[in-house]
Amino acid sequence: MTDLDTAKAHLSGHSLCLCKDGAWFTDDGRGISPMLRLIGENRGLRGYAAADIIVGKAAAMLFVKAGIAAVYGEVMSKAGKAYLEAHGIPCAFGTLTENIINRKGDGVCPMEQAVAALDDAEAGCAVLRDKLNSLRNKA
């Protein structure tokens, strides 16, 4: 069983599962917040496989920044898939979709909008961190 298979097998009931060399851990945070937190904590994630509920371009940029080796998304956007593939990261999905929709269901996810025109994972991470903080301050 590959690390990606293990991550995928342990995703059920969680939002994110990361696996390397058969050892895995999960997170139940919403959206991109678990990956932003792990990156902010300087967790050594290089070489891990990731299974996530939703993978758009925003999540893909964070996976690239963290050095994730392979990604599975239950739902993956075409932009997320293209970004991962452009960075040499193998990916798989349950459902491929045109866009990641916001939580209200009435438009594109604000995180996806924030990084739509960006290509650099480092810049994307900074923009996403700012956007998440802005949304949290409004709540």
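Predicted model: local features only at pLDDT ≥ 70, side-chain atom pairs only at ≥ 80, totals over all residues.

Tutor: Residues are numbered from 1 along each chain as its sequence is written, and side-chain values use heavy atoms, with hydrogens and water left out.

Student: In what order do the five strands form the open sheet?

Tutor: Strands of a sheet pair through backbone hydrogen bonds, either parallel or antiparallel. Helices (H or I, at least four residues) and strands (E, at least two) are DSSP runs numbered from the N terminus, and two strands pair if DSSP finds at least two bridges between them. Here the order is β2-β1-β3-β4-β5, with mixed pairing. Strands β2 (23-27) and β5 (91-97) each have a single partner strand, so one side of each lacks a neighbour in the sheet.

Student: Which pairings illustrate the two senses?

Tutor: Strand β1 (residues 16-20) runs antiparallel to β2, joined by five bridges; Cys-19 has Trp-24 in β2 as its bridge partner. By contrast, β4 and β5 are parallel over six bridges, and Met-76 is partnered by Leu-96 in β5.

Student: Where does helix α3 lie?

Tutor: Contact means heavy atoms within 4.5 Å. Angles run from 0 to 180 degrees between N-to-C directions, with axes fitted to C-alpha atoms, for helices over the stretch in contact. Helix α3 (residues 57-66) lies across β1, β3 (49-55) and β4 (70-77), at about 165° to β3. Helix α2 (residues 33-40) packs on the sheet too, touching β1 and β2, and its direction makes about 45° with that of β1.

Student: How many residues has the largest nonpolar core?

Tutor: A nonpolar core is a set of buried Ala, Val, Leu, Ile, Met, Phe, Trp, Tyr and Cys residues joined through side-chain atoms within 4.5 Å. Buried means under 20% relative accessible area, exposed over 50%, and partly exposed in between (1.4 Å probe, protein chains only). The largest core has 33 residues, and Phe-63 is among those with the most contacts inside it. Helix α3 supplies the largest share, eight residues. Residues touched by Phe-63 include Leu-16, Met-35 and Leu-84.

Student: Where is Glu-41 placed?

Tutor: Glu-41 is in the loop between α2 and β3. Its relative accessibility is 42%, so Glu-41 counts as partly exposed.

Definitions and conventions:
Lists of a residue's contacts leave out its neighbours within four places in sequence.
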